Amino acid sequence: MMKRLKSMYVFVVVLLSTFTYGQESLKMFVKENKVPCQGVGPMECLQVRYDNDKEWQLFYSHIEGFNFEKGNRYELMVTKTKRPEPIPADASSYLYKLEKIISKTPVNKEKGIYNTKMILTQLNGKKINSGKAFITINNETGTISGKNGCNNFNVKYTKLSSKNQIKTAAPFGTLMACDPESMKLEQDFSAAITNKKFKIVKKNNKVQFKNSKNKIVMEFSIPTQNELWSFIGKNNWKLIALENVGQDYGRASIKFNPAEKKVSGNTGCNNFSGTYETNDDQVSFNNVAVTAMACIGEEGNKTEQKILSYLNNKDLRFDVADQTLNFYLNDKLVMMFGITK
């Protein structure tokens, strides 16, 4: 009887050490790069697996206390806790908090054709200059995703026996209507990529999709940082969405001067100016000065406060997708700017 009681006591102690007040300790592995994913809005997700899992899975939540650095693979201990009701529509059912980093290992990989945004520059021998079609090839999931000129799309592919040869399936995606030029590009692009065999050849920053006759069907360009910032700098950017709320934000805008590393704009109420620094896809703003006009209405005040809080945050990431300039914080899209004249 005493042995049985001791066994029950040990079992209860172990159980309580693992689950305390709805908490669970987990070992989690985090991959060295994030990938595009779709939550309530466009975002980027960590790729994780738990303990002895073999497959990587998308992680849509946030790990409190964990500062992910691209290019490193992590082994973590995290605490998983049930989120109290009510749960926001854009939130996970669980909260995750870092207990400790067991290991952090740099993963040095040559930048190739995978997990890299590529912009369509040629289709069936015709030059494409709109920047409205782009792809990312995900080697882990066997998918090609991106924008086909009008809509977001995703297509599965299988690798063939020869090196860098693939066969695509039929794509699927959103069904928005666009202007005639964009719709024509979508039709031509979809026809070119549907149920086809390609040999993929990379030459410097050019990636070519060739058919069985060695003819280039599609050619893509991997933008350099200089090209990316040249594009950002030559355009004026108007705020079109803030924390996934799309509406007219009046004069709220941002403008970059890459040559002098200066930034300026408007919060919808006041003008601001300062400097900025970049490191890969990270951006931080410094010495941001703001005029002192009073905003009209509570909404104007809230918009200004949110914009300034993000400009003062040192953990912002950015990317350029189609004709938008996007800023992310903790993997959530917080500000989206569109090109304006």
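Over how many bridges do strand β2 and β7 pair in the antiparallel sense?

## Basis of the model

This is a predicted model, in which local features need pLDDT of at least 70 and side-chain atom pairs count only at pLDDT 80 or more, while totals for chains, interfaces and linings use all residues. Residues are numbered from 1 along each chain as its sequence is written, and side-chain values use heavy atoms, with hydrogens and water left out.

## Strand β7 and its partners

Strand β2 (residues 23–30) and β7 pair in the antiparallel sense over eight bridges, where strands are DSSP runs of E with at least two residues, numbered from the N terminus, and two strands pair if DSSP finds at least two bridges between them. Within this pairing, K80 of β7 stands opposite E24.

β7 also pairs with strand β8 (residues 94–106), again in the antiparallel sense, over 11 bridges, and E75 has S103 in β8 as its bridge partner. Strand β7 itself spans residues 72–82 and is mostly covered, with nine of its 11 residues buried (under 20% relative accessible area, with a 1.4 Å probe and protein chains only).

## The second largest pocket

The second largest pocket is lined by 21 residues, and those nearest its centre are S61, H62, R83, L95 and Y96; a pocket here is an open set of points on a 1 Å grid over the protein atoms alone, where a 1.4 Å probe fits, with protein on both sides within 12 Å along at least five of seven lines, and lining residues have an atom within 4 Å of a point. Two or more lining residues come from each of β6 (63–64), β7 and β8, and β8 gives the largest share, three residues.

Notes
Buried means under 20% relative accessible area, exposed over 50%, partly exposed in between (1.4 Å probe, protein chains only). Helices (H or I, at least four residues) and strands (E, at least two) are DSSP runs, numbered from the N terminus.
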